[in-house]
Amino acid sequence: MPGQYLPFVMLDQAVRSGQSTTRQTLGCDIWAHFRKAEASEGLLFSEVLKKSTARMAKALVDASGYDWSWVRTVVDVGGSKGAFLSSVLLKVPSAKGILLDLPEIVSEAPAYLQARGVADRVQCVGGDFLSSMPFGDCYLVKHILLNWSDEQCLRILQLIHDAMDPAGRVLVVEELVDNARLNVREQIQDISLLVLTDGGRLRTLAEHKALLGRAGFTLTSVLKSQSCILEATKAPP
C-alpha cells in the first residue's frame with residue numbers, strides 16, 4: 001500500500017514543518033490518492049476499515065451499555081460498508097439507516113449489508129461528508145474526526161447540526177488521549193496522522209468538547225468501551 005508508506009520517506013520534514021508530506025510524495029492528499037481510478041488502495045483501505053469496525057462493533061453497541069432504543073434514523077458518516085451501522089440496526093430492529101460515504105465505497109456496501117440481514121433498512125448515499133449531510137436523528141461519527149483538522153472537523157459537525165432532527169444526538173467515537181502522557185502506540189499514531197493527513201491528530205476530551213461546542217452541540221455523556229462514545233445534543237438557542 002504505497003499511499004500509506006511513501007510519505008514517510010520525508011518523515012523528518014513532516015516533523016520539522018508540522019505539515020503532511022503526501023503532496024510532495026504522491027502529488028495529492030491521501031484521500032484524493034485513494035479516490036484515483038487506477039488506485040486499488042481506496043477499496044483496500046475501506047476493507048481494512050470494515051474489518052476493524054466489525055471487530056469493534058459488538059463492544060461499541062453492546063458492551064458499552066449505551067441505550068439505543070430511542071434511535072429511529074441512523075446516519076453512519078463515512079461509514080465505509082456499514083459494519084457499525086448494521087450492528088446498531090440489529091440492536092434496534094425498528095430503526096432505519098443511511099450509509100454516507102464516497103460513491104465508489106458505498107457501491108460495495110449492499111452485498112455486505114445483505115449478508116448482515118439489514119439491506120432492506122439501509123439507504124446507501126454516495127457523497128462527501130464535508131459538503132452535505134442527510135437528515136437523521138442519530139449520527140455515528142466513528143474514527144472520522146482524528147483524520148481532519150479542527151476547521152474540517154468543525155465543518156463536519158456543523159453540517160450534522162444543521163441536518164439533524166432537533167431532538168437528535170450525534171455520537172462521536174474516538175480514542176481520547178492525555179497530551180502530556182501519550183503512550184508509544186499513541187505517539188506512533190499521532191505521527192502517522194501528521195505525515196498522512198492535513199491537520200489530523202489524536203485529541204483530548206477537552207478538545208472534542210470544544211469542537212462540539214463551536215458546532216452548536218452540548219456534550220451530554222462519555223461512555224468508555226474499546227473507544228470512547230461521546231454523545232452530544234443540540235445546544236439550546
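Helices (DSSP runs of H or I, at least four residues) and strands (DSSP runs of E, at least two) are numbered from the N terminus. The model is predicted, so local features need pLDDT of at least 70 and side-chain atom pairs count only at pLDDT 80 or more, whereas totals for chains, interfaces and linings use all residues. Residues are numbered from 1 along each chain as its sequence is written, and side-chain values use heavy atoms, with hydrogens and water left out.

**Exercise 1.** Locate Arg-203, and determine which backbone oxygens its side chain reaches.

*Solution.*
- Step 1. Arg-203 is found in the loop that runs between helix H10 (184–196) and helix H11 (205–214).
- Step 2. Buried means under 20% relative accessible area, exposed over 50%, and partly exposed in between (1.4 Å probe, protein chains only). Arg-203 counts as buried because its relative accessibility is 1%.
- Step 3. The side chain reaches the backbone oxygen of Leu-145 at 2.9 Å and that of Trp-148 at 2.8 Å.
- Step 4. With contact taken as heavy atoms within 4.5 Å, and residues up to four places away in sequence not counted, Arg-203 touches residues including Asp-150, Glu-175, His-208 and Leu-211.

**Exercise 2.** Describe the position of Thr-73 and state whether Thr-73 is buried, exposed or partly exposed.

*Solution.*
- Step 1. Thr-73 belongs to strand S1 (residues 73–77).
- Step 2. Its relative accessible area is 21%, and therefore Thr-73 is partly exposed.
- Step 3. Although 63 residues separate Thr-73 from Gly-136 along the chain, their C-alpha atoms are 5.0 Å apart.
- Step 4. Not counting residues up to four places away in sequence, Thr-73 touches Lys-96, Ile-98, Phe-135, Gly-136, Asp-137 and Cys-138.

**Exercise 3.** Identify the residues that touch the most other members of the largest nonpolar core, and the helix that gives the most to this core.

*Solution.*
- Step 1. A nonpolar core is a set of buried Ala, Val, Leu, Ile, Met, Phe, Trp, Tyr and Cys residues joined through side-chain atoms within 4.5 Å.
- Step 2. The largest such core has 35 residues, of which Met-133, Tyr-139, Ile-160, Val-170 and Phe-217 touch the most other members.
- Step 3. Helix H9 (residues 150–163) gives the most to this core, namely seven residues.
- Step 4. Another core, of 28 residues, lies apart from the largest one; Trp-68, Ala-83, Cys-138 and Val-173 are among its members.
- Step 5. Leaving aside neighbours within four places in sequence, Tyr-139 is in contact with residues including Val-75, Met-133, Ile-160 and Val-170.

Methods:
A polar contact is a pair of N or O atoms within 3.5 Å; within protein, one must be able to donate a hydrogen and the other to accept it, and residues adjacent in sequence count only if both atoms are side-chain atoms.
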